[in-house]
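Here are my notes on this model, point by point. Please keep the coordinates open while reading.

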Amino acid sequence: MSGVPVIRSHALTKRFGRVVAVDGIDLDVREGDRYGFLGPNGSGKTTTVRMLLGLVFATSGTAEVLGHRVPGRVAAALPDIGAVVEGPAAYAHLSARTNLALIDASGPPGRAGRRTRRRRIDAVLETVGLADVGRRPVRAYSLGMRQRLGLAAALLRAPRLLVLDEPTNGLDPRGIHDVRELLARLNAAGTTVFMSSHLLAEVDRLCTRVGVMDAGRLVLQDDLGALRGPTGRVLVRVDDPVTAVRALDGHVVDRDGSRLVTERSSVADVVAALVRVGVRVDEATREHRTLEQTVLAVTGHGSDRVDRATGPNRPLAERSPS
């Protein structure tokens with residue numbers, strides 16, 4: 001794998017009493033990645049993010065961020081990290097501009113300074129779509145606007161690494177689209193994006209690499225392109241599905257209106273069989289796995305369902321009250 005390591009962990013583990021929240025994970029995030037950190041609610045995503053930022057100490061294992069050991073050397077990495085974890089925090093009675101000024105003044109020393117603060121605040125408010133309401137008290141903001149403000153705070157110092165925990169929470173469809181486009185632009189300009197989420201569609205549209213958590217374990221980590229590999233089946237759309245099913249002689253494994261999925265692996269063979277009986281083929285292509293199919297195949301133990309047996313390794317939020 002090419003690229004400089006940005007986040008790397010080995011056997012990273014966090015226990016809360018008898019509960020194993022994160023169970024020996026080996027993260028590998030490289031410079032330039034748009035990394036989607038996926039998993040059901042309660043699977044250990046936020047605990048992992050907090051360990052990477054030095055907000056929670058690991059029980060065992062090691063982690064490095066931007067080449068610095070965490071938590072021992074996390075202070076050296078922080079000037080180059082922008083982060084939003086567990087929702088944006090702000091003083092509700094103050095304006096967005098004042099909140100950002102306080103955040104910048106209290107942040108770690110780095111490239112940015114007081115002389116450029118006003119210009120940088122203007123720039124990030126414009127970037128996240130809050131320029132017109134920057135002087136309004138935050139208590140008047142919707143949840144989506146607060147989420148934008150949190151993202152603005154993360155961008156104040158032009159970070160090399162952006163760590164986001166559910167960044168589209170509370171946003172409407174337009175807001176989700178805007179954040180997706182913004183993160184893609186930042187990444188193209190050189191920012192590595194590490195984004196935890198349970199929204200598969202957003203990760204599928206934005207990310208280039210994914211890690212999947214389930215019940216505290218990292219059960220999958222790979223490039224998104226590799227996960228979208230062919231299934232070995234062919235998808236066709238036809239004008240006469242009834243005749244097409246007969247012509248394919250028991251090889252059709254799924255049908256939805258004019259859309260058929262056949263277990264035959266050759267597109268050419270499927271098209272030839274249909275053309276021979278006079279069926280018009282509107283589309284014929286190899287079927288590829290979706291991210292949803294891949295994630296559902298490797299998860300199931302760490303969701304927020306409550307109809308399963310409890311156990312000591314399940315996160316507290318998922319265990320039935322005693």
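1. Terms and basis. Helices (H or I, at least four residues) and strands (E, at least two) are DSSP runs, numbered from the N terminus. This is a predicted model: local features need pLDDT of at least 70, side-chain atom pairs count only at pLDDT 80 or more, and totals for chains, interfaces and linings use all residues. Residues are numbered from 1 along each chain as its sequence is written, and side-chain values use heavy atoms, with hydrogens and water left out.

2. Overall make-up. The protein chain has 11 helices and 15 strands. Its C-alpha atoms fill a box of roughly 75 × 50 × 45 Å along the principal axes. Of the 322 residues, 45% are buried (under 20% relative accessible area; exposed is over 50%, partly exposed in between; 1.4 Å probe, protein chains only).

3. Contacts and surface. Take the contacts (heavy atoms within 4.5 Å) with a separation of 6 or more: 67% of them join residues 24 or more positions apart. The accessible surface of the protein chain is about 16200 Å² (Shrake-Rupley method, 1.4 Å probe; for residues, only the protein chains shown count as cover). Carbon and sulfur atoms hold 50% of that surface.

4. Charges. The protein chain carries 46 positive and 36 negative charges, and their mean positions are 8 Å apart. Lys and Arg count as positive, Asp and Glu as negative; His and the chain ends are not counted. Each charge is placed at NZ of Lys, CZ of Arg, CG of Asp or CD of Glu.

5. Strand β10. How many residues of strand β10 (residues 209-214) are buried? The count is 6 of the 6, so β10 is largely enclosed by the rest of the structure. Arg209, Gly211 and Met213 point one way, while Val210, Val212 and Asp214 point the other way.

6. Partners of β10. Strands pair if DSSP finds at least two bridges between them. Strand β4 (residues 34-38) runs parallel to β10, with 4 bridges. Strand β11 (residues 217-223) runs antiparallel to β10, with 6 bridges.

7. Helix α3. In α3 (residues 96-106), the buried residues are Ala96, Arg97, Asn99, Leu100 and Asp104. Down the helix axis they fall within an arc of 160°, so they line one face of α3 (the arc is that of the directions from the axis to the C-beta atoms). Their cover includes α4 (117-127) and α5 (143-155).

8. Backbone points to check. Most residues other than glycine have a negative phi, and most peptide bonds are trans. The following deserve a look.

- The bond from valine 70 to proline 71 is cis, with omega near 10°. Proline 71 sits in the loop between β6 (68-70) and α2 (74-77).
- Alanine 215 has a positive phi near 50° in the hairpin of β10 and β11, where 2 residues lie between the strands.
- Glutamate 166 has a positive phi near 50°. It is in the loop between β8 (161-165) and α6 (173-188). At 17% relative accessibility, glutamate 166 is buried.
- Aspartate 249 has a positive phi of about 50°. It lies in the loop between α9 (241-247) and β13 (252-256). Its relative accessible area is 59%, so aspartate 249 counts as exposed.
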